[in-house]
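Please open the structure in a viewer and follow the selections below in order. Each stop names what to select and then describes what is there.

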Amino acid sequence: MYTLPKLDDFSPAALDRAVAALIAAAETESSAVTNDAEFKIFRDHWMARKNGILTQVNDLWLKAAPKEAKKDVGARVNALKTAVEEIVAAAEKRITAGPSLESQRIDVTLPGIKRPLGAEHPIIRTKNEIVRIFQRMGYSVAEGPEIETDYYNFESLNFPPNHPARDTQDTIFIAGQENKPQRDRLLLRTHTSPVQIRTMEKQRPPVRVVIPGKVHRNDAADASHSPIFHQVEGLAVDTNITFSDLKGTLDHAMKELFGSDVKTRFYPSFFPFTEPSADVQISCFKCGGTGKLNATEGCRLCKYSGWIELLGCGMVDPNVFGFVESNGYDPKTISGFAFGMGVDRIAMLKYGIDDIQLFYHGDVRFLEQFA
Amino acid sequence: MKISPHWLRELVPYTVDPRQLAEDLTLAGIAVESVSGTGDTTIYEMDITTNRVDAMNHYGIAREISAIYDLNLKPLAAKLPAPKGKANFPIEIEVPQFCTRFTGQVIRNVNIGQSTGRVRKRFAQLEQKLINNAADATNYVLLEMGKPTHAFDLDKLEGSKLIIRMGRAGETLKTLDGIERKLHTDDVVVADANKPVALAGVMGGWDTMITAETKNILIESAWWDPAAIRRTARRHAIHTDASHRFERGADWASCPISTDLVSEIILESGGELEGEKIDVIARDFNREPVSLHHAEAKRILGKEISSNEVEHIMRRLGFKLTPAHISPVATTVSTGRAAGVIEAPADYTVELPTWRLDVEREIDLIEELARIHGFNKFANTLPGFTGAVVEPEEAQRKEKIRSILLSLGYNEAISSTFIAKADSQAFSRNAIVEIANPLSEEASAMRASLVPGMLDMISNNLNRGTEPSKIRLFESGHVYSLKNVKNAETEEHDALCIGATAAAILENGTVGASASNGAEVFLRLKGDIESLLESFQHQSLSFDTDTPNYFHPGRSARAMLDGTTVAHFGQLHPNIATTRKLKQDIYIAELMLDKLIELPLRSARYTRLSRYPAVDRDFSFMFEDTITFDRITTAIRALRLAELQSIEPAEIFRGGNVPAGKYSLLLRVTFQSTDRTLRDDEVALWSTQIAEALKSLGGAQRTQ
């Protein structure tokens, strides 16, 4: 056990040696402590108020120091006290921690107890994902009613009354509308496109909106059809919007949605409210556009073609602008593009869901997969 | 529609293989849906958009091919012998507004029998039904060049003439499908001297059809008004190849050539032409030429298409182009341009082909240029934008509610918008919006409430074996009602519904949904509702028991923010649960989302954390059941103790030595000051005041 030497020499060099010897001794004794009883002896030896080493330091070193060395000795003694206290505290921690914590060991491979997390509906998650892509490109969000008038759903989108193009829409009509003029008759919107007109009525150009929403068609339910589905529509109108801009915008959006290596391909289609009109395909993200998963197996996702048809789009037809011309939409000076995509279909593709009905039954076992 | 690429090659000498051709056609907007077979027997299944009725036949597609590859298209021509004699068969058009042109040809001494040769072979490939050589001839010409024609048995036409007129009240016509149809005064008919013999442009008559006995034939090739044909086809619910084409606009100029092509095929089995074709033109069919500007094409498309390419695309598609320096008049563009605007001089004046009724404006010409040039040859660019980006506040508020519900463990669901009428009425006092053409009786109305859909989803889950303790759902969506029953005017609102089993609210699979823990289930649900509502700015949030009758009367509440009702929640009425065969206790909450999102979200506000200790005081009292917790807190708050921080029901106990109709409450009140340590004497004073307030509610203090 360490005993505190008396000091004759209070020079800095001598003090340094004495302090170093004391701390070395404290560390040696500390490392020898293995149990509680030994710790108490060790602690008292160094820190007991009565005759502990630190108390002795006060008496033998500090008080004995000549006047001119008092200040230097005082500083050293303070540092030394802190050091010894830390050594003692570390010893205590080591002694008390060891065996009792070991007895508290748990099986960390047992399953965790989970607080339940609600799952986002895959359609709404996908819808939000698409909307955010366009928000980042400067599009504002617009919404509209699900029960629409003939005017907004058809007439102002260049579907004249009795036009064959209306046949393709499988419209669900609200009862009791017979006595109204055709344009005021109510129906369930068959697409989110009516919000194009509603937006242009409210806002002069330039316009950039993205329009998410629920739509309905008179389609019997099966694995790939639902009378209820969701669309995201987009509209951009300005003095300088071109078909190239439409292509670039959708190419960018599809890369954000499906990954930067997908390619897009545009081919002519027909929608009454756009001219030119196009359908857009993306290269299949599953097989990389080859139509094959490997040397022997074809890719069913893209029906072996390497391409997936995903959305419709086009340059806004001048006739559509004609319905809002008084609000600054002169088709001679402005131009625009519009596009629309089916959220259900995109969600099915993204997650490999094979039955659209699953979206509308609230089956928790299905929904939980999207938490 | 099926198309033979082998037949196409007879019309235009393309050199690519059929699969490449299919790809190139599709990229030009003439969609080949699938390709089957090989070599000469390759068949395309086409998906032609409804506007392109001109391309719903071989010749029309061949014309597209000639434009895509810049190849010559073979002209349509029929080889016919010189006619004998003179046809004496007048055709009178009484309704020139509906029948612009009617071309006829009399053929005598025909042999009716089975088709042979190219007709038989091509029909087999294209899966076209064989009927007899005369009917087959009309169908062959339809497949070949798209013009619907018809063959009458000449000897069955009374009075040796045809009249194009409206149907008359009381008239009937047995059509080729064997159905006796009542004619309408709005139906355009082909009639002989005495009776209708065809529903114009839709279907021929039974009595005048070609039979094995037919000796003499009249061929008809007419042009009918699209709207008139559509009206008649819809009224009689007939959709034929002919009506499909006439509704979308046939080629009026092709009446003579189609007649000749049909004659040519019939004559192959015998017979002779009697006289020249009868070609009655009731009305001129003039279409205004359209101006085309390079600059306009560039403005819309983003790049210039060279004059050379413009000219070849337009000419191959059958448009007649006159460059401006030759054109005698610079015509103005016909699309909705404001009068008085000075037009830039056109680069071309374009005459429109008679088969392209879908093309009538400059923008339509620009589309033709773009699609034959190839959509994918245009660069991908992003437009600049100077407008502002606006995110509606309502959207942020809805998203906040959604994220709270998700974090509370409710799964987001979407149920049907449609509902059985009776079901809708059970959960809403509003007038129900009914559907004129519902998918089924169970889907005959629009939902007026989200509750029935929620109950259906819960029931689906229970029936399909979802563990009851996991059934926690919410749905946000529109509900609909009539705001004006007389005019059937509707309104729709944002609504939100939460639904869960009692077990799921307790988040504990082992706890049964028994009556004894109803209070805990209710209070947990209430806690969730409070979490939602407290995220909105408000002065007061209060609850009472005024709820609709589909709730359990003793276990449901109404929530009000600043006096506005924003939610009903609680246990579903057990009778309704029984009716719906729900064997679990079900809890639901309806939020008036539209009202809620009118309120701003609560903005966070900082108050300095107190550096002084809080002091708790417990009060043990017995109360009558009629003294609600709300009354207790109101009484204490009325003391206006500035240092009062919270009032918590630490323990509620009924039964044991507590008499029936009463309950024992251990109330924990916390005091704290932000600027000093509370003194014992002031806390003691407040405690006395609180005890007095509780006694004034009839509470009996219990010793602990």
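The score called pLDDT is the predictor's confidence in each residue, from 0 to 100. This is a predicted model, in which local features need pLDDT of at least 70 and side-chain atom pairs count only at pLDDT 80 or more, while totals for chains, interfaces and linings use all residues. Residues are numbered from 1 along each chain as its sequence is written, and chains are lettered from A in the order in which they are written.

Select chain B and colour by confidence. Its average pLDDT is 92, and 96% of the residues score at least 70. Next, select residues 509-515 of chain B, where pLDDT stays under 50. For this stretch the model has 11 contacts beyond four places in sequence, a contact being two residues whose C-beta atoms, placed from the backbone, lie within 7 Å. Residues 330-341 of chain B also have pLDDT below 50, with 33 contacts beyond near neighbours in sequence. Where pLDDT is low, the predicted coordinates should not be read in detail.

Now show both chains. The contact between them takes 75 residues from chain A and 77 residues from chain B. On the side of chain B, helix 11 (residues 362-373) supplies the largest share, six residues. Helices here are DSSP runs (H or I, at least four residues), numbered from the N terminus. For the complex, the predictor gives a pTM of 0.84 and an ipTM of 0.88.

Finally, select residues 122-136 and 343-351 of chain A, which are helix 5 and helix 10. Their axes, lines fitted to C-alpha atoms over the stretch in contact, come within 9 Å and cross at roughly 100°.

Definitions and conventions. Axes are lines fitted to C-alpha atoms, for helices over the stretch in contact, and angles run from 0 to 180 degrees between N-to-C directions. Helices (H or I, at least four residues) and strands (E, at least two) are DSSP runs, numbered from the N terminus.
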